[in-house]
Amino acid sequence: MAKASEKAARASVWLEGKAHRRRGGGQPSGLDRGRIIEATVRLLDAEGLARFSMRRLAGELNVTAMSVYWYVDTKDDLLELALDQVMGEMRLPDPDADEDWRDQVRALAREYRALLVRHPWVSALVGVFLNIGPHNLAFSRVVQRVVRRTGLPAKRLTSTISAVFQFVYGYGTLEGHLATRAAAAGLTVDEYFQQSLSMVTGAPQAADVIQESQEIMAARGGDTVAEMLERDFEFALELLVAGIEAMVAREG
């Protein structure tokens, strides 16, 4: 039996040589790793990470759990493979193209936000694994090469990447949670927002804050939650781009 320290030291399905490996023995009929990963993503999107299990996946595929384990050793291995699979959905700009770095930073930020909203379970997993699958590495490589083009010195690049993409991570995570809670309540996001706003408006301890918030939201504009979220995201992104420009000028 593996010791607790050995389990904690488990690194990645990509490092352990299991990303493309299959077990010996007879192959389960009609099953392959691609189909298993696709079903995993579909279940995670529909039911969330907390409800996902290998037994539930096997039922979705109409096979036995042992058939699934012919292709993956553990649930963690499968989750890591699914995570990298969806990272490949992002459209990445060409960092060598004759295009302004600002537009490429915006494009990367928008793609990452959309991914986090489309697959709310992703945000819970990106901090669990090393994220060294091919699609994760492709995203990281493009981000680094685009941010290098800002003109900032090398010592400032990791901070710049963190400022932009940790903002996007937080924004996309909260946006994804909002959509998940609304769906669980059987409501649209707008219905859920209005219901929640009505509930907190009636709380005496929150009255002052709610009143100030409503004034700010009215000034921002937007008839739907989607419009409000879009306006906030785009302006915040412009603040970050402007901040990078300011720091380039300062460092110069």
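Which residues in H8 meet which residues in H9? Phe139, Val143, Gln144, Val147 and Arg148 in H8 meet Leu157, Thr160, Ile161 and Phe165 in H9, where contact means heavy atoms within 4.5 Å. By class, this contact of H8 with H9 has 6 nonpolar, 2 polar and 1 charged residues. Here Ala, Val, Leu, Ile, Met, Phe, Trp, Tyr, Cys and Pro count as nonpolar, Asp, Glu, Lys and Arg as charged, and the others, Gly among them, as polar.

A word on the basis of these values. This is a predicted model, in which local features need pLDDT of at least 70 and side-chain atom pairs count only at pLDDT 80 or more, while totals for chains, interfaces and linings use all residues. Residues are numbered from 1 along each chain as its sequence is written, and side-chain values use heavy atoms, with hydrogens and water left out.

The chain comprises 12 helices and 0 strands; these are DSSP runs numbered from the N terminus, helices being H or I of at least four residues and strands E of at least two. Its C-alpha atoms fill a box of roughly 65 × 55 × 35 Å along the principal axes. Of the contacts with a separation of 6 or more, 72% are between residues 24 or more positions apart.

I return to the helix pair. H8 and H9 (residues 157-184) pack at an angle of about 115°, with their axes 10 Å apart. Axes are lines fitted to C-alpha atoms, for helices over the stretch in contact, and angles run from 0 to 180 degrees between N-to-C directions. H8 is therefore roughly perpendicular to H9; angles under 35 degrees count as roughly parallel, over 145 as roughly antiparallel, 65 to 115 as roughly perpendicular and the rest as oblique.

H8 (residues 134-148) also meets H5 (residues 75-87): their axes come within 7 Å and cross at roughly 45°, which means that H5 is oblique to H8. Leu83, Asp84, Gln85 and Met87 of H5 make this contact with Pro134, His135, Asn136 and Phe139 of H8. The class count here is 4 nonpolar, 3 polar and 1 charged residues.

Finally, consider threonine 40, in helix H2 (residues 33-47). Is this residue buried or exposed? Threonine 40 is buried, because its relative accessible area is 0%; buried means under 20%, exposed over 50%, and partly exposed in between, with a 1.4 Å probe and protein chains only. Beyond its neighbours within four places in sequence, threonine 40 is in contact with Phe52, Leu57, Leu78 and Ala82.
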